[in-house]
Structure formats: structure tokens, C-alpha cells
Amino acid sequence: MTDSNNSNYEIVAKYIKDISFEIPNPDCFVDAARGLNEYSTKLDLNSQPYKNNLIELNCKFLLEAPDTAQNKIHAEICLSIIFKIINKDLTADQVKKLILVTLPTENFSFMKEMVTFLFQKSGFKGFNFNKEVDFGGLCRRRRSLDASRRDGRSRTACRGSAPPR
């Protein structure tokens, strides 16, 4: 598989790297299926360089139960995108933006479809991950947070979440 949506990079592969559904008992499943809209979704991005100029971008989706839930499930899905940077003239900041903003934004439809499909096939027929994510905004908030930490200012965490629909 090779996608070339952009002159700066080439996608080599997209795949499910890891998947985990921890449902301790039937009560947990039934309660979670009924109250899925109360669960929050978290998204974590990280990247890892590999040989031959390949980079792996891992996009981990976590479903977290509300504190008030008595019968909880835990679910994580990690989708990976392997890509190669074609434009060798990109600066370090441009590469960072490519990894944290451009690639996730351009591939978010694929990620949402995969997460929705996997949840539905795992028994959560009403699950539909239709949340939009502003990766540029998250990146700017993260940069601001990192700057405030360096300056010794507030250490308020920046977390994005939304209930699945």
C-alpha cells in the first residue's frame, strides 16, 4: 500500500497495531453498552523513527469509564501509519507539524471508521466515533503547555476528550 497525498511524505502502510477490550463480566458489558455515551475517549499520538527513513505514527484511542460507573470496561485501539518523508528540505518544526497535525488530520476519517468498526464488531452495535479533533489546536496547546513548564508557570494538563456517539 502506498498513498501519496502530499509531496512531503508517502504513506507506506496503515494497520491495527494493538487492540484490547477488557470486559470482566457480562454485567460490565451490559452496563457499558447502556451507558457508552458517558464514557470519554482519549487520543494519544506518538512517533518512532525506523531505518530506511521510515517513521511510525501511533494513534492510540482509549475509552475511559466515568468515575461513577460501577461495572467498567476498558478499551484501547492503537492504529499505526508507517510513512516516509520525501521532502528532505523540511525543517525540524515542519516535520513535527507533519507528524502531529498533517498526518493525523488527513487520516482521521480512516481512524474513525476503524475505531467505529472494531467497537461495533466487539458487540457495541450503537457505537459511532464521530468526534472531530483539531490536531492543530491540540499541537498549539501542547506547545503552550510545554513553554509554561519551561518557564515555571502553571502545570495544568491539557487533555482532549469527548463521549462517543
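Lys-112 touches Phe-129, Asn-130, Lys-131 and Glu-132, leaving aside residues up to four places away in sequence; a contact here means heavy atoms within 4.5 Å. This lysine sits in helix α3, where helices are DSSP runs of H or I with at least four residues, strands are runs of E with at least two, and both are numbered from the N terminus. With a relative accessible area of 13%, Lys-112 is buried. The burial classes go by relative accessible area: buried is under 20%, exposed is over 50%, and partly exposed is in between, using a 1.4 Å probe and protein chains only.

The model is a predicted one, so local features need pLDDT of at least 70 and side-chain atom pairs count only at pLDDT 80 or more, while totals for chains, interfaces and linings use all residues. Residues are numbered from 1 along each chain as its sequence is written, and side-chain values use heavy atoms, with hydrogens and water left out.

Val-115 and Asn-128 are 13 residues apart in sequence, and their C-alpha atoms are 8.3 Å apart in space.

On the overall layout, the protein has four helices and six strands. Along the sequence they follow the pattern β-β-α-β-β-β-α-α-α-β. Of the 165 residues in the protein, 35% are buried. Among contacts with a separation of 6 or more, 65% come from residues 24 or more positions apart.

Now for the rings. The structure holds nine aromatic pairs. Rings of Phe, Tyr and Trp (its six-membered ring) pair if their centres lie within 6.5 Å; planes under 30 degrees apart count as stacked, over 60 as edge-to-face and the rest as tilted. In one of the pairs, Phe-29 and Phe-124 have ring centres 4.8 Å apart and planes at 45 degrees, so the pair is tilted. Phe-29 belongs to helix α1 (residues 26–34) and Phe-124 to the loop between α3 (108–121) and α4 (135–151), so this pair ties together parts that are 95 residues apart in sequence.

Phe-108 and Phe-129 make an edge-to-face pair, with 6.1 Å from centre to centre and 70 degrees between the planes. Here too, distant parts of the chain are linked: Phe-108 is in helix α3 and Phe-129 is in the loop between α3 and α4, 21 residues apart. Both of these phenylalanines are buried. Ring pairs also join Phe-21, Phe-29, Phe-119, Phe-124 and Phe-127 into a cluster.

The charged end of Lys-14 sits over the ring of Phe-110, 4.9 Å from its centre. For this label, NZ of Lys or CZ of Arg has to be within 6 Å of the ring centre and within 35 degrees of the ring normal.

Helix α2 (residues 92–106) has 15 residues, which should span 21 Å at 1.5 Å a residue; its end C-alpha atoms are 20 Å apart, which agrees. The expected span is 1.5 Å times one less than the number of residues. The helix bends by about 45 degrees at Leu-98, the bend being the angle between axes fitted to the seven residues ending there and the seven starting there. Leu-98 is one of the buried residues of α2, which also include Val-95, Ile-99, Val-101, Thr-102, Leu-103 and Pro-104.

As for cysteines, the structure holds zero disulfides, a disulfide being a pair of cysteine sulfur atoms within 2.5 Å. Cys-28 is buried, with a relative accessible area of 4%, and Cys-139 counts as buried at 9% relative accessibility.

Most residues other than glycine have a negative phi. Asn-52, however, has a positive phi near 60 degrees. Asn-52 is in the loop between β3 (40–49) and β4 (54–64), and at 58% relative accessibility it counts as exposed. Asn-53 likewise has a positive phi, of about 60 degrees, although it is not a glycine, and it lies in the loop between β3 and β4.
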